[in-house]
Amino acid sequence: LKYFDSNGENKAAVTQTSIDPQHYNAQFFDNAIQWLNNTFRFKNIFEFRHLVNALFAWAGIITTGLFILSIAGPRSALFGIVLLTFTPRFFGHGLTNHRDIPAIVGMIGAIYLLHLVLQKKWNTKLHLKLLMGFSLAIALCFSIRLSHGILTIFYSGAFYLLWLIFNYSQKNKKKNKQKKKFRKSTLEIKELFKKSVLLGIAIFIGFLLGNSIWPFFLEDPFNNTLEVFKASSEFGVGLKQLFEGKLIFSL
C-alpha cells in the first residue's frame, strides 16, 4: 500500500527483507484486508482476517459443488461438498491460509467457468459474462502468487484437452459422408475455434489484471516475471509439506 501511495517511490514492497522473498508475491489478500482496516478501523483485525479467510474457503467449497454438479449431478456434488468440508487439512487452512485458499477459489472457479463456456452453445451475452468471470478467476490467482496463476492456466488447458477427448473422440470414430452432418461438424469446429481464441484473450487479460497490483511486476514486468518463475523451482526456503501421509521439509 505504501508503494502505491508513494507512486512507487517507497521500495520496501520490492525489496527482500528476510529469508522469505515476500516481494515475489502479489499479496492481494493482505493488501485488501489492510486497506479495509485503514478505511473502517476494525477493533480486531486478527479475527477479521480469519473471518474473510473462512469466507473464501466456503466460496471454494460452494464453487467445487457447482462444478461437480455441472459434470456429475447432485449426488456427486453433495458428496464432494461434504468430503471437502470435512477434510481436516483443507478445513484448517480455510481458517488461516490467506495465500492458497483464495487461489483455490480462483483455480476451481476458472475451471468451472471454462466448462460452462465449452458446454453451452454460443450466445454472445452469456459467453461474454462467462469469459469475464473466467478472466477474473485467472486474475485472482495471479494476484496472490505468480505460480498460482500459471498452474491455473495449465490445469485449465488439461481440462480443455480432456473435454475435447471425451466430446470428439466418438464423433471421429464414426465416418459419415452426409453433407448435413459435415456442415454441422464444420460449424462446431468454427464455434470451438472462436471460444479458444476468446479464452486465450481472457487468460492474457487475467494475467495483466492480476499482476497490475503486484509491485515487483510493475517495476520490470518481463524480467521480474522470469526471475520469479525461475525462483519458483529453486525456492531456497524449507517448509513442511504433506507427502505420503507425512510432514517433510521441502528442502
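Mentor: Helix H3, residues 45-72, packs against helix H5, residues 88-96, at an angle of about 135°, and their axes are 6 Å apart. The axes are lines fitted to C-alpha atoms, for helices over the stretch in contact, with angles running from 0 to 180 degrees between N-to-C directions. H3 and H5 are therefore oblique to each other, given that angles under 35 degrees count as roughly parallel, over 145 as roughly antiparallel, 65 to 115 as roughly perpendicular and the rest as oblique. Helices (H or I, at least four residues) and strands (E, at least two) are DSSP runs, numbered from the N terminus.

The model is predicted: local features need pLDDT of at least 70, side-chain atom pairs count only at pLDDT 80 or more, and totals for chains, interfaces and linings use all residues. Residues are numbered from 1 along each chain as its sequence is written, and side-chain values use heavy atoms, with hydrogens and water left out.

On the H3 side, the residues of the contact are His50, Asn53, Ala54, Ala57 and Ile61; they meet Phe90, His93, Gly94, Leu95 and Thr96 in H5, where contact means heavy atoms within 4.5 Å. By type, the residues of this contact of H3 with H5 divide into five nonpolar, five polar and no charged. In this division Ala, Val, Leu, Ile, Met, Phe, Trp, Tyr, Cys and Pro count as nonpolar, Asp, Glu, Lys and Arg as charged, and the others, Gly among them, as polar.

The protein has eleven helices and two strands, in the order α-α-α-α-α-α-α-α-α-α-α-β-β from the N terminus. Its C-alpha trace spans about 70 × 40 × 40 Å along the principal axes. Of the 251 residues, 35% are buried, where buried means under 20% relative accessible area, exposed over 50% and partly exposed in between (1.4 Å probe, protein chains only).

Asparagine 7 has a positive phi of about 55° although it is not a glycine, and it is exposed, with a relative accessible area of 71%. Serine 6 also has its place in the loop between H1 and H2. A polar atom of the serine 6 side chain lies 2.8 Å from the backbone oxygen of lysine 2, and the side chain of serine 6 reaches the backbone nitrogen of asparagine 10 at 2.9 Å.

Asparagine 211 is buried, with a relative accessible area of 0%. A polar atom of its side chain lies 3.0 Å from the backbone oxygen of phenylalanine 207. Asparagine 211 also touches Phe142, Phe217 and Leu218, not counting residues up to four places away in sequence.

Strand S1 (residues 240-243) and strand S2 (residues 246-249) pair in the antiparallel sense over four bridges; two strands pair if DSSP finds at least two bridges between them. Lysine 240 stands opposite phenylalanine 249 in S2. S1 and S2 form a hairpin with two residues between them, and glutamate 244 in the turn has a positive phi of about 55°.

Technical notes: Polar contact = N/O pair within 3.5 Å; in protein donor to acceptor, adjacent residues only side chain to side chain.
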